[in-house]
Amino acid sequence: MDDFQQQINQWSDWQGLQTNVMAFEPLIQQIYASENEPFKTPEPMVDSVVARFNVGATQIAIFPPSEVASRTRDYYQATRFGLTRMARLKLGAPQLRHAGFIFDKYQFYYVIVQPLQGIPLTEFCVTAQPLAKSTLGRQIGTILTQLNTEVPNFSHVETRPDDWAMFGNDFVAERTAWLQQRPVTTNQFVHGNLTGDNLIVTSGQLGLQRFSSARPAARQTELVPLILQAFNNDADLLAGFKATYQTTDLAGDLLLGLLLRWDGPQQVQQLISDQAVTLARVQRVVEQVIQ
């Protein structure tokens, strides 16, 4: 008899089960027994991709079955590679304890980690003093300088098609011509989703978590969620970051990353919501963000 009893026919079925302790507890108990890990009642965590649960002092991420997520093995491999790379570089991240898969009603890939103990950057900055924030900004710049370097092709995580055509044919032509003049290296490690919730402050230090979006890409793409979402116009974070992140043109790098990302059109819409979008206008807004 299978430990997992629920039927998963489509992605919405998976989404409805991701935080369902009763659905996953027998499966998690079986996984922990196979890995000789002490088991405690799982506590659900919200996640956009995996079913994530705290289990005592550890945390398990269970990846969706391939029946509803054809790239689930790539998400698993990205997570495993990212955590291993962080450990090798001696950078802050959850400690990988076990990784594998289990055959049950479905084949489930899983990763068990020792999670970071701290609070998200977004929450920390609400009450943090300017010096503390600038110090964290410096740490982030140092981390990315080490992290965003060339790697082998460890994952084939599919990127969704972009939608730059929403801004008109002239913008599409301008973007294409601008990018053709600026070749980039596309085999650098990027976390892919450095929002404030994935940057964890631990005892004054900083760590990264949740690596399912990691991939080889242009390092400039890493800047977009970091500066536009995680920093969220915080001058102290940005000043610290500028002091240690190795680039001669941060505004240019941010614009390049913005124009390369699949979600670039949505990011641009958030930056410019009240005017017609032109490449010159996007460039001016990016420069204002960086100043």
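Analyst: The largest share of the lining of the largest cavity, 3 residues, comes from strand S3. Strands here are DSSP runs of E with at least two residues, and helices are runs of H or I with at least four, numbered from the N terminus. A cavity is a set of points on a 1 Å grid over the protein atoms alone where a 1.4 Å probe fits but cannot get out, and lining residues have an atom within 4 Å of a point.

User: Which elements each supply at least two residues of that lining?

Analyst: Strand S3 (58–62), helix H3 (72–88) and strand S5 (107–114) do. The largest cavity is lined by 17 residues, and Arg 52, Thr 79, Leu 83, Val 113 and Arg 210 lie nearest its centre. By class, the lining has 10 nonpolar, 4 polar and 3 charged residues.

User: What volume does the largest cavity have?

Analyst: Its volume is about 150 Å³, taken as the space filled by probe spheres set on the grid points. The structure holds 1 cavity of 30 Å³ or more.

User: Is this model predicted or experimental, and how are residues numbered?

Analyst: This is a predicted model, in which local features need pLDDT of at least 70 and side-chain atom pairs count only at pLDDT 80 or more, while totals for chains, interfaces and linings use all residues. Residues are numbered from 1 along each chain as its sequence is written, and side-chain values use heavy atoms, with hydrogens and water left out.

User: Changing topic, how many salt bridges are there?

Analyst: A search of the whole structure finds 8 salt bridges, each a side-chain nitrogen of Lys or Arg within 4 Å of a carboxyl oxygen of Asp or Glu. One of them joins Arg 97 and Glu 37, with the closest N and O atoms 2.8 Å apart.

User: Where do Arg 97 and Glu 37 lie?

Analyst: Arg 97 is in strand S4 (residues 95–103) and Glu 37 is in the loop between helix H2 (21–34) and strand S1 (43–45), so the pair ties together parts that are 60 residues apart in sequence.

User: At what angle do H7 and H9 pack?

Analyst: Helix H7 (residues 223–231) and helix H9 (residues 250–260) pack at about 105°, with their axes 8 Å apart. H7 and H9 are therefore roughly perpendicular, a term for angles of 65 to 115 degrees.

How values were computed
Axes are lines fitted to C-alpha atoms, for helices over the stretch in contact, and angles run from 0 to 180 degrees between N-to-C directions. Angles under 35 degrees count as roughly parallel, over 145 as roughly antiparallel, 65 to 115 as roughly perpendicular and the rest as oblique. On a 1 Å grid over the protein atoms alone, a cavity is a set of points where a 1.4 Å probe fits but cannot get out, and a pocket is an open set with protein on both sides within 12 Å along at least five of seven lines; lining residues have an atom within 4 Å of a point. Ala, Val, Leu, Ile, Met, Phe, Trp, Tyr, Cys and Pro count as nonpolar, Asp, Glu, Lys and Arg as charged, and the others, Gly among them, as polar.
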